[in-house]
Amino acid sequence: MTSNLHRIEEDEIDIREIFSTIYRYKVMITLFVLLAVIVSSYIAYFKPNVYKASATVEVGIERYGYMARQDMLSMAMSGDAANAETEIEIIKSRFLSQKAAEEVDVTHRYYTTRRFKEVELYKASPFEVGMLRGYGISFDFYPVDEKSYRLVVEEALDENGEEVLDENGEAWSYDELHEYGKEVSTEHFHLNIVRTKEPAESKYRFVVYDPKESGLIAQGGVSVEQLSKYSNILQISYEDNVALRAQEFADALARAYIRQNIENKTQEAERKLAFIEEQLKYITENLKSSALKLEEFKRSSQTVELSAKAQKTIEQISDYESQLSVVGIQEELLNTLYEQIKSGEGLENISVANLSLSDPSLSAMIKKLQDTIIEKKLLREDYTEMYPEVVKLTKMIAELKKGIASTVKNLKQSTKEKRELLEHSIAKYRATLEQLPADERMFGQLQRKFVVNEKIYSYLLEKRSETAMVKAATVSNNRVIDHALYPDYPIKPKRKLIVLVGLILGLIVGVAVAFLREFLDDRIKEEEEITRRSSLPLLGNIPHIKEGEKGEIKVFSSPKSGVSEAFRNLRTNLQFMAYEKESLVIATTSTISGEGKTTVGINLGAIMSMAGKKTVILNLDMRKPTLHERFGIDLGKGLSSLLAGRAMLKDVIQSTPYENLDVITSGPIPPNPSELIQGQMMEKVLEKLKEVYDVIILDTPPIGLVTDARTLMNYADISLYIFRANVSKKEYIKHLEKITELNDIPGLGLVINDMQSGAGGYGYGYGNGYGYYEEDQK
């Protein structure tokens, strides 16, 4: 229980110390806080605004059901989340940022200064700059009049403040007048400036970046996030120092994403149209040739029509030959496709649009393969082969190629069997045709060729029309849901937060410095610092005594002041310590001079005399006497004269203007004060004084400087060791403890002097301030 109470008291003392330290350094802490607020406010004001605009798009996730190899590809082609992540990386790619930058100008930056900070003028600059050379250099622009301007380059700094050197590695600068619309060409730059409206400012600054790097410049502000883990809605955001440009670029990036999706889809239709056009040219020539030959044969042979049997045979052969021609084209395309898949070259350009397939699985797989290859290429612009998403796409491509090769191989086999069946049927009907008369047989052959070419021509025309309709009707699987809105307020910087953080940091730093100073400051400031380090009793806590006129004693001049009450408290404590003594000898000392031992001794003597005690004060600090100055009397004969046997006791006692209070000065400064004090005469003098006085106060030299005080303290009933707040060091307490260990000093007690108001209480009921008592207003 006792240990718990002790721990609670220690905790209370620690908390009190913390608040006491903060209070002592409150001015410094306040200055740190004010400085931090000023600095953070400066940063918050001059930090450029950052605006964020966002557009949302829906990502159309295609799902294909495959008749063949579906079990093999299910792992590679499943998972909307994986597809959404891939689409996010595509949107964030430099490729799409470059496409969006073709619509929104991110390379021309125009600036001016308003309210002491630089602001960018997007689409509001009074001039426009065209540049061929000198990208990245910061130019200063000064309008002169309607026709001319001044162009300045100071030390050729780029936007990042780095020095731009010429070909020889040397710094350069530029300052010339030019006319609007005229080419300005130097070895360092080539540009042309056109005025668009009346300039409102006297100075502007501009930087033009290389258009080839526009995608890289814009990419840094792009961010994409999936609004929900289980949705395919993506939010495309762009951050910029200009609100309008943020809005325009976010919309442009969304449009670029939709366009690239449409472009990928229409590539197949374009390749199919190109193939059909090529085939149409060939078939048109064949159709014209067969028509001319048929007409010529009719005129020469006078044959107008065939017999019913010949007509049926020729129609059947024509139909089979038309089918055989289509099968041949398909077989050729399948062989080409198979070789391409095996070689792995030009896979993104493969088209199966020319193959008439009842099973759409091959077309779906090739489409998926091409999309995957494109996605991988886009990711490879920003990531290495080891990037997880790239590794995933590489595995997917390998699986898709294996599945496509197997499917094409099966289609080749079925097409070959169909071709052989058609050739067998055509051979059978041709044998029947050979049995007809020669003219009729020749007419049938010519007519058959004409009909076959006509059917193929009609087939190609039909396919061209279908493909053109498909191309025109192609839409993206993705769509824009919400266009970007104009951001009215910046997202950064959070100015209030910056100032608040600055205030908190200033407070933290201020408190930290306060505690650091407290740690490094070895001076005694509070009575607790004494009581924790010493087991000796603290008998008094004397507040700060204001300087008065020469000869003024505070206790007499302000008997109702807090200082007087403090000395009354000390007097009471001393009376309790020596209540049996008829004549009390009190010695005052300190570690060094200037700690207030003489002041304490004088006022203690004064308060004793006010209680009716006949009191005498002896100035035993013979090396540096000050007692006579405090009372405004002459040094004259004193203790040095008395102890040296050159004066009588009655001759050295001097009366003061105050009742019951006498003093004995130190007298002339002797060459051997220690020998005089340690002589037998000193003890005899004290015995004589005890016969006359109730209280004898010995003002001794500092104990830390000379040994005189130790001798005198042995003569005293009570010894007061004086510490002065904010002057005495904590190591003095250790020094005192060592002295008490080596010497048995009777009645030793401590007094802390010169305590500032608010620095701590007396410990005896005289706390912060003395408003209850009269105080000098001098």
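## Salt bridges, core and strands

A total of 26 salt bridges is found, a salt bridge being a side-chain nitrogen of Lys or Arg within 4 Å of a carboxyl oxygen of Asp or Glu. The structure is a predicted model, in which local features need a pLDDT of at least 70 and side-chain atom pairs count only at pLDDT 80 or more, whereas totals for chains, interfaces and linings use all residues. Residues are numbered from 1 along each chain as its sequence is written, and side-chain values use heavy atoms, with hydrogens and water left out.

The pLDDT, which is the predictor's confidence in each residue on a scale from 0 to 100, averages 81 for the protein, and 82% of the residues score at least 70. Over residues 1-9 the pLDDT is below 50, and this stretch has zero contacts in the model beyond near neighbours in sequence, where contact means heavy atoms within 4.5 Å. Residues 62-79 also have a pLDDT under 50, but for them the model has 30 contacts beyond four places in sequence.

R245 and E120 meet through their side chains in a salt bridge with an N to O distance of 2.7 Å. That pair links distant parts of the chain, since R245 belongs to helix α7 (residues 243-301) and E120 to strand β3 (residues 117-120), 125 residues apart. Both R245 and E120 are buried, where buried means under 20% relative accessible area, exposed means over 50%, and partly exposed lies in between (1.4 Å probe, protein chains only).

A salt bridge also joins D699 and K597, whose closest N and O atoms are 3.2 Å apart. Here too distant parts of the chain are linked, with D699 in strand β19 and K597 in helix α16 (residues 597-610), 102 residues apart. In another salt bridge, the side chains of D754 and R724 meet at 3.0 Å, N to O. Because D754 lies in strand β21 and R724 in strand β20, this pair ties together parts that are 30 residues apart in sequence. A network of salt bridges links R24, E518, D521, R523, K525 and E526.

The relative accessible areas of residues discussed in this report are as follows.

| Residue | Relative accessible area | Class |
|---|---|---|
| D699 | 3% | buried |
| K597 | 5% | buried |
| N753 | 6% | buried |
| D754 | 8% | buried |
| R724 | 28% | partly exposed |
| Y45 | 32% | partly exposed |
| E691 | 62% | exposed |

### Nonpolar core and its surroundings

In soluble globular proteins, nonpolar side chains tend to be buried together. In this model the largest nonpolar core has 42 residues, and those with the most contacts inside it are L618, L620, I696, L698, F723 and L750; a nonpolar core is a set of buried Ala, Val, Leu, Ile, Met, Phe, Trp, Tyr and Cys residues joined through side-chain atoms within 4.5 Å. Neighbours within four places in sequence aside, the contacts of L618 include M682, L686, L689, I696, L698 and D699.

Strand β21 (residues 748-755) holds N753. Not counting residues up to four places away in sequence, N753 touches I542, P543, E595, G596, V600, I722, F723, R724 and A725. Helix α22 (residues 708-715) has D708, A709, T711, L712 and M713 as its buried residues, and the elements covering them include β15 (584-590), α20 (673-678), α21 (680-692), β19 (695-699), β20 (718-724) and β21.

### An antiparallel sheet

Three strands form an open sheet in the order β4-β9-β8, with antiparallel pairing, where two strands pair if DSSP finds at least two bridges between them. The edge strands, each pairing on one side only, are β4 (127-133) and β8 (183-185). Between β4 and strand β9 (residues 190-195) the antiparallel pairing runs over six bridges, and I193 in β9 is the bridge partner of V129.

### Residues far apart in sequence

Helix α2 (residues 26-46) contains Y45. Y45 and R495 are 450 residues apart in sequence, while their C-alpha atoms are 7.4 Å apart in space. E691 is part of helix α21, and its C-alpha atom is 9.5 Å from that of E582, although E691 and E582 are 109 residues apart in sequence.

Technical notes
Helices (H or I, at least four residues) and strands (E, at least two) are DSSP runs, numbered from the N terminus.
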